Amino acid sequence: METLGFLMDGFGVALQPHNLMFALIGAFLGTLIGALPGLGPANGVAILIPLAFTLGLAPETALIMLTSVYAGAMYGGRISSILLNIPGDEPAMMTCLDGYPMAQQGKASEALAISAVASFIGSLVATIGLIILAPLLAKFALTFGPAEYFALFLLAFATLGGITGKNPMKTVVAAAIGLMIATVGIDSTGVQRFTFGTLELYEGVDFIIAIVGLFAISELLFFIEEKAGGGKEKMAVNKLSLKWKDIREILPSSFRGGVLGFIAGVLPGAGASLGSFIGYTLEKKVVGKKGYFGKGDPRGVAGPEAGNNGASSGALVPMLTLGVPGSGTTAVLLALLISLNITPGPLMFTQNADIVWGVIAALLVGNFLLLILNIPMVGIFVKLLSVPPMYLLPIVTMIAFVGIYSISNTVFDLYFMVIFGVAGYLLRKLEIPLVPIILGLLLGPEMEKNLRHAMDISDGDWTILWNSGLAIGLWVFAGLGLILPYIIGPILRRRMRNPIEEGTSGSD
C-alpha cells in the first residue's frame, strides 16, 4: 500500500501539464532518433542532455523528458530494422529476422503495428516489475557499508562488458581510462591531481562535457565519414491497422518477452541485446514447428521487441536503487542525476521520492504516449529515413554546442568537448567501448570515497573489504563477471549470430 501511495504521488508529478508536454516531446524525439540506423538510445540521450540544461528544466522534468527519449529510441529502433533490414541499434537486430521478411511480403504496416504493440506490452510489464522490485532493492541496499559499496562498484565494472561483449579486455581498458580521468581535480584531502595548473580542472572533468563529446561529437564524425550520402530506399508503408486476431496471437509472446527482458535488464552484464535474443529464441522453442520463424512470423517480431523494451525499464532498477547503471543509456542518465546534485541510490527513494516516483509514473504514461504516437504517426518517422544526414548534422551540432556553453558559459568547455569527441572517435575506431569510460568517470569518485572510508574505519586493514558475507558474495560475482565472458560469451555470440546469418541468407 505504501508503494501505491508513492506511485499516486508520482502520477501527480508526471501528469503536471509541463511534465506531460516534455514527456511527449521526449517520446517523439526518441522515436525519431531510434529510427536513424546506428544512433541508438545512448547517443540520443547524450545529444539531448544539453537541451535540458539550455531550457533550464527542473530535475524531475529533465529526467522525465530524457527517460521518454530512452523509451522512444527503443521503440524507434525497430523501424529501420523492419523497413531496411538495418537495425537502429544492436538490440533491434533480432527484429530484422522476421520483420524484414514481412515487409518484403507487403506487410510492413502489420510488422510495424505488431512491434509497436509488443514494445508497449514489454515495457509495461517491465515498468510494473520496476515498481515492485525497486523499493525492495532500495531497502536492502541501505544495509550496505563502504566495503560493500566498493565491491558493488567493482561488480559493475566487471560485468559492464556483458557476456555478449566482443572483447572483455578492451572493456577493462576502457574502464581504466575512465577511472584515470576521474582522478583529475582536487581530492578529498585537498591535493591537486593532474590539473597542470589549469583552474578549470580543479573541480575535475564535467560528466556532461565528456558524455556529449564521447557520444554526440564522435557520432557526428562517424556520420561525416560514413553516412554523408543520401537516404536509404524504404518500403512502402500504408496506414497502420491491426486486427484483434493479430493482437491476440502476439499477446503471449509479448508478455513472455517483457518478463525475460526485464530480468535481462536488471541482471548485471546482460542488457537489451540479451533480452531481445532470449525473447526470440524462447518463442521459437515455445511455438516449435507450428511457426515459420525467419520467414515473416509475427511472433518473431513481438518476442524480441518486447524483450528489448522490457530490458530498458529493467536497467533502471540498479541505477535508481544502487546508483549503478544497468546499460549504456542509464549510465548517461546517471551522469545527469549527478550533474543535478541528486545522489542516486537507496537514499534517493526517501530524499528525492518525488523525482523517483515521478519518473516511474512518467514511464507508465510514456508507454501510452508512445503507442498513440507510433500507430498514427509512423509515416513521419519512416520519412525521416530518407532525409540525408547532411541536413541533420547541423541541428545535432547546434544542440550540443549551445547546450554545453549554456551550462558554464566558458569556451574552454567547448574545446574540451571537441577533444573528447575526437578521442571518442579514435577509441571507437579501435573498437574500445565508450560506456565503461563514462562509468569509470561517474563511479570513480564514489569508489575512491568508499575505499577511503573503509580504510579509516579499519585503521588501514584491507581485510575489511571482504569481511562480510555480502561483500564476499559481491566479490565472487565480480570474479564471475570477469571470467564468464571468456567461457559463455563466444557460445552465446555464436548462437545470436546464427539466426541472423540464416535470416540474411534467406532474404537474398
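**Salt bridges in a predicted model**

Colleague: Where do K449 and E446 lie?
Modeller: Both lie in helix α20 (residues 435–458), 3 residues apart, about one turn of the helix. A helix here is a DSSP run of H or I with at least four residues, numbered from the N terminus. This is a predicted model, in which local features need pLDDT of at least 70, side-chain atom pairs count only at pLDDT 80 or more, and totals for chains, interfaces and linings use all residues. Residues are numbered from 1 along each chain as its sequence is written, and side-chain values use heavy atoms, with hydrogens and water left out.

Colleague: Why is K449 called partly exposed?
Modeller: Buried means under 20% relative accessible area, exposed over 50%, and partly exposed in between (1.4 Å probe, protein chains only). K449 has 49%, so it is partly exposed. E446, at 32%, also counts as partly exposed.

Colleague: What makes R256 and E283 a salt bridge?
Modeller: Their side chains meet at 2.9 Å, N to O. The pair links distant parts of the chain, with R256 in helix α10 and E283 in helix α11 (residues 272–287), 27 residues apart.

Colleague: Why is E283 called buried?
Modeller: Its relative accessible area is 0%, so E283 is buried, whereas R256, at 27%, counts as partly exposed.

Colleague: How many salt bridges does the structure hold?
Modeller: It holds 7.

Key
A salt bridge is a side-chain nitrogen of Lys or Arg within 4 Å of a carboxyl oxygen of Asp or Glu. Helices (H or I, at least four residues) and strands (E, at least two) are DSSP runs, numbered from the N terminus.
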